[in-house]
Amino acid sequence: MRNKTRLSDILLNGFVYLATSLSVLALGLIFFYVFTEGKDLLSLDLIRGNYHSRNYVATLPQSSNDSFNLQPTEQTFAIERFGLILEQSENLAGDSVIRVVYVADDSPFSQLVLQETGNEVVSLKEGMIMMRIAYENHPTSLTSRGAAAMAADLNDPDRVVREVMFAQVGGGIRGSIITTVYLIGLTLMMALPLGVLSAIFFNEFAPRNMITKTMRTFTETLTGVPSIIFGLLGITVFVPLTIRITPASGSNLIAGAMTLAVILLPTIIRTTEEALKVVPADHRFASLALGANKTQTVFKVVLPQAIPGILTATFLGIGRIIGESAALIFVLGAAIKDSVNIYQPSTSLAVHIWAMMTDEPANVALSSTIAIIILMIVLVMNLSIKGVVSLMIKKGRA
Amino acid sequence: MEPIIKVENLDLYYDKFQALKKISLEIHQNKVTALIGPSGCGKSTFLRCLNRMNDLIEGMRMDGTILFHGEHSESSTYDVIGLRKKVGMVFQRPNPFPMSIFDNVAFGPRQQGEKNKQVLKEIVEKSLKQAALWDEVSDRLSESATKLSGGQQQRLCIARAIAMEPEVILMDEPTSALDPLATQRIEDLIEELKKNYTIIIVTHSMQQAARISDKTAFFLMGEVIEYGSTADIFANPNDKRTEDYITGRFG
């Protein structure tokens, strides 16, 4: 019999293709937007740098050497008298600044004396911003007059430097990256053993009765609970707990990791259980028939075969840790830190984005750059776990 | 000679279904005993009673006695792990663990606490030689067992069982998943193994039972219809149902 409803088939197929294209387009657009907005700021300085800028006011020591041999490029300005090279540049906010490109090892600028204390030595480093240089009996060189003028002033042998003001630029995300790495490590350290062992209990040991069924339903329901509720749990339970048993005095990284561990548990239990389920019953029988007991069978035969599944769970977990922001704003705080301490508040990369976007005005460019970094981390994680799993399968170990 | 296993009045139930009815059998040392019968007749269930693998099935209930060396191996206080060390098992489908060939064979001894590498090496070599697999795998013991062919995998499973130095080896249709050539090799191996071990084999193939076994038990609907020397059973069966089955009239 000939099928006559051709039009509806075409329509249905059309919807299928349309829906797929729209989803791919939406994902593609997000990537495209993030990359075009954020790629300009992506640099090692951003990743390594401090978030908080720091200004220094210092005086210049006496120097014997008064001529350095320097090779400036077209856009940079050499100061042979002090062994410095400067350039005209812009900061993360787009203001024009004078950046230090090179400081000679024996330049007097690498042994500046901090004015606050009068004896602490600080050195000017590449990448720092030169803000102001004051002289005895001469007008001060300022940022607004540009790098060329500042270099010319400094090279003038008549001028005696009285005071130097320079700054370590801020805006870097090193602290947030470190916090994120700590969070991943601490959370997995707590959630993986708990989750995997619980999954073993549910799949291998638990008797099939109402209590097991209820417990399983309960853990599965937790998967759908919004993370802000777990954040509430964190602030009411884990923060006071950590304040009691650790040196912490408020929101802190350990409490954040504990909260994330609770968020991850249902996913890890579920994924591990699925992995245990597909281990052939034959292997369990073979092991038991060889005189191995139940525990040996589970840990020596069944669990090793579930490792790819557990790795997948780990990956999903890491994605969740990196992406979580709502729960962490309470428990970990939203204060961006340069020196991270697990007993103190700090921000993960996702919360860093939140902080940037709630700034006035919102810093979309930097947020996009952080988003690129997050995407990179997730991509690398995904690829490496896939690599490990396929290697295991290739070797016939799973 | 005293039988190594003596089963008396064995009844077995899965919930309400009675799978075995009043089974009484004697298994003799260093003989190959074949269990034949149509699907669902209880021969595999019977086999699994002998190393208590049925314990794993929920709702299983057992009455009667199974004497292993004169001891009540069916009693709840009997050392099941110890029983399984002495009564090894080879399954229908080859089921090597996804580990190296060496680790597969060494698995049993290792779980018993054997850690000495030299001892393990000797056990692995001896077991693989006895299972007629050594010549094929001696140069790749560290490779994954899952890369072996089906027949090799099954011989590896036999080697794995042998490594525990059992007295009895139970085989549950060990060749049903193999091609004729691999089947032939396993049959030759069984012939060889019966010098050192007592073998009980469940098989669907009448020819196989006739070729390799010394004694044959014919199961039907959970009962043993006839049990005797293989030659007698195949040449002149006492029971009409046995005759019908072995001449291929049903089953």
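Before looking at any pair, I wrote down that a salt bridge is a side-chain nitrogen of Lys or Arg within 4 Å of a carboxyl oxygen of Asp or Glu. I also noted that I am reading a predicted model.

**Entry 1: a lysine in chain B**

With that cut-off in hand, I looked up B:K194 and found that it forms a salt bridge with B:E191, the closest N and O atoms being 3.9 Å apart. This pair counts because 3.9 Å still falls within 4 Å. I then checked how covered the two residues are: B:K194 is buried, at a relative accessible area of 19%, while B:E191 is partly exposed, at 38%.

B:K194 also meets the side chain of B:D214 in a salt bridge, with 3.0 Å from N to O. I noted that this pair joins distant parts of the chain, since B:K194 sits in the loop between α7 (180-193) and β8 (198-202) of chain B, and B:D214 in the loop between α8 (206-212) and β9 (215-220), 20 residues apart. B:D214 is partly exposed, with 25% relative accessibility.

**Entry 2: a pair within one helix**

Next I looked up B:K240 and B:D244, whose side chains form a salt bridge at 3.0 Å, N to O. How far apart are B:K240 and B:D244 in helix α10 of chain B? They lie 4 residues apart in this helix (residues 240-246), which means that about one helical turn separates them. B:D244 counts as buried, with a relative accessibility of 15%.

**Entry 3: a network, and the total**

In chain A I found a network of salt bridges that links A:R145, A:D153, A:D156 and A:R159. Over all chains, the structure holds 27 salt bridges.

**Entry 4: where chain A touches chain B**

I then turned to the interface, where 21 residues of chain A are in contact with 29 residues of chain B. The area buried between the two chains is about 1,900 Å², and carbon and sulfur atoms give 60% of it.

How many salt bridges are there between chain A and chain B? The count is 2, and one of them joins the side chains of A:D282 and B:R93, at 3.7 Å from N to O. I also recorded 5 residue pairs in polar contact across this interface.

On the side of chain A that touches chain B, α8 (281-289) and α9 (294-305) each supply at least two residues, and α8(A) gives the most, with 7 residues. Sorted by class, this side has 8 nonpolar, 7 polar and 6 charged residues.

How values were computed:
Residues numbered from 1 in each chain as written. Chains lettered and ligands numbered in written order. Predicted model: local features only at pLDDT ≥ 70, side-chain atom pairs only at ≥ 80, totals over all residues. Heavy atoms only, no water. Contact = heavy atoms within 4.5 Å. Buried area = accessible area lost by both parts, 1.4 Å probe. Polar contact = N/O pair within 3.5 Å; in protein donor to acceptor, adjacent residues only side chain to side chain. Nonpolar A, V, L, I, M, F, W, Y, C, P; charged D, E, K, R; others polar. Buried < 20%, exposed > 50% of the residue type's maximum accessible area, 1.4 Å probe, protein only.
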